[in-house]
Amino acid sequence: MIAAGNSSRNSFVLLRIGAHRFALPAALIAELAPPVKLHTFPHTSHSVSGVIIRRRRIVPVYDAGSLLLAKNASGQQFYLVVRRAGGASELSAIPVSGECEMATGETQPPEDDRPAYVAGTLAIGEDTVDVLDLEALITSAPATIAESIRGEARS
Amino acid sequence: MSAAGEHNEKPARRGKPEAVILFWVANQMFAIAAESVQEIRSTDSLAGSANEIEQQAVPKVRHTLEWGRRLCYVVNAGVHFDLPVTRPTLVLIVRRMRIAVLVDRIDRMAEIPAMYPLPRAFGGEERRWYRGLAYIDDTVIPVVEPSGFLSAEELTVLDHAMKLVASQREMEGAVQA
């Protein structure tokens, strides 16, 4: 992981899922885990791909690629282990490429037409990156999210 | 935040040790508490005591099995878990329930040091299917909840279908007589 700025209360981790960059508040991140074994078993929870073992705990893995892009994002070999908001002791993980960056900055509130999983936007140089609300993301219908992403790509 | 290298770690132990039977359905291994299984029989040995259900009231149940004084519904575990189609060779007869389960093969018996709760991220039918997760030989294995193979609603539907079949047979018998 590359540190691209000073850590502060407005620190973010920038991650790439497919061709898109997103930001997550650094305070939520517990660990960038290496490509450990993904354990899978039958279930009907659409957003979960399996579990990994980290820090002597069973950590569910959310398939952020299929949630955000409606397809498995290839090359996502590492896992970003995230503390759930609201003080829940449960950790969650999302597959990411190893290219995560740290960044600092002020978030701007999202525009009204932005989907619920966008908590705000973060200006990084000339780019604007969506700050993910992980709780909203994993409770959203994947089809709705994918359509939202496709809509952005068209506009 | 830390970027840690891969290292061999086991989840922290919680709960009590428990004897389980490890079994396979398609390409997936499951565990079931040994004490909840009354008997394991080969499907070949049940030819005389199993009856086909003509009505497909619950698709995963195609046979009944008369076991002692019980009528058990035989659940195809592959269909139940939506796994690839296989040819099951064994049936697990569940203790104190009207459920028998078709599985591919038994792997072995084992003692699990602890069972871990299913993470809350899993919010679907699996909450009814599994008691929790076990960690054996570096693999996470779901521990099935025997009552999860048939819900109360499914049992009601099957009982109703069986009553219909019985009354149909009675009528056919009366007509022939």
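Chain B holds 3 helices and 12 strands, where helices (H or I, at least four residues) and strands (E, at least two) are DSSP runs numbered from the N terminus. This is a predicted model, in which local features need pLDDT of at least 70 and side-chain atom pairs count only at pLDDT 80 or more, while totals for chains, interfaces and linings use all residues. Residues are numbered from 1 along each chain as its sequence is written, chains are lettered from A and ligands numbered from 1 in the order in which they are written, and side-chain values use heavy atoms, with hydrogens and water left out.

A look at confidence comes first. The model scores ipTM 0.87 and pTM 0.83. For chain B, the mean pLDDT (the predictor's confidence in each residue, from 0 to 100) is 89, and 93% of the residues reach 70 or more. Within chain B, strand 3 (residues 28-33) has the highest confidence, at a mean of 98, and strand 1 (residues 2-3) the lowest, at 45. Residues 1-7 of chain B stay under 50 in pLDDT, and the model has 23 contacts for them beyond four places in sequence; a contact means heavy atoms within 4.5 Å.

Taken along the principal axes, the C-alpha atoms of chain B fill a box of roughly 80 × 30 × 30 Å. The accessible surface of this chain comes to about 9700 Å², 50% of which belongs to carbon and sulfur atoms; such areas come from the Shrake-Rupley method with a 1.4 Å probe, and for residues only the protein chains shown count as cover. Of the 177 residues of chain B, 45% are buried, that is, under 20% relative accessible area, with exposed meaning over 50% and partly exposed in between (1.4 Å probe, protein chains only). Among contacts in chain B between residues at least 6 apart in sequence, 59% join residues at least 24 apart.

Strand 4 of chain B runs antiparallel to strand 8 (residues 90-94) of chain B and is joined to it by 5 bridges, with B:V37 opposite B:V94.

The largest nonpolar core has 67 residues, and A:L80, A:I94 and B:F81 have the most contacts inside it. Such a core is a set of buried Ala, Val, Leu, Ile, Met, Phe, Trp, Tyr and Cys residues joined through side-chain atoms within 4.5 Å. Helix 2 (residues 134-139) of chain A gives the most to this core, with 4 residues. A second, separate core of 11 residues includes B:L22, B:A134, B:I141 and B:V143.

In chain A, strand 7 (residues 78-83) is joined by 4 bridges to the antiparallel strand 4 (residues 29-33), where A:L32 stands opposite A:L80.

Terms used
Pairing = 2+ DSSP bridges.
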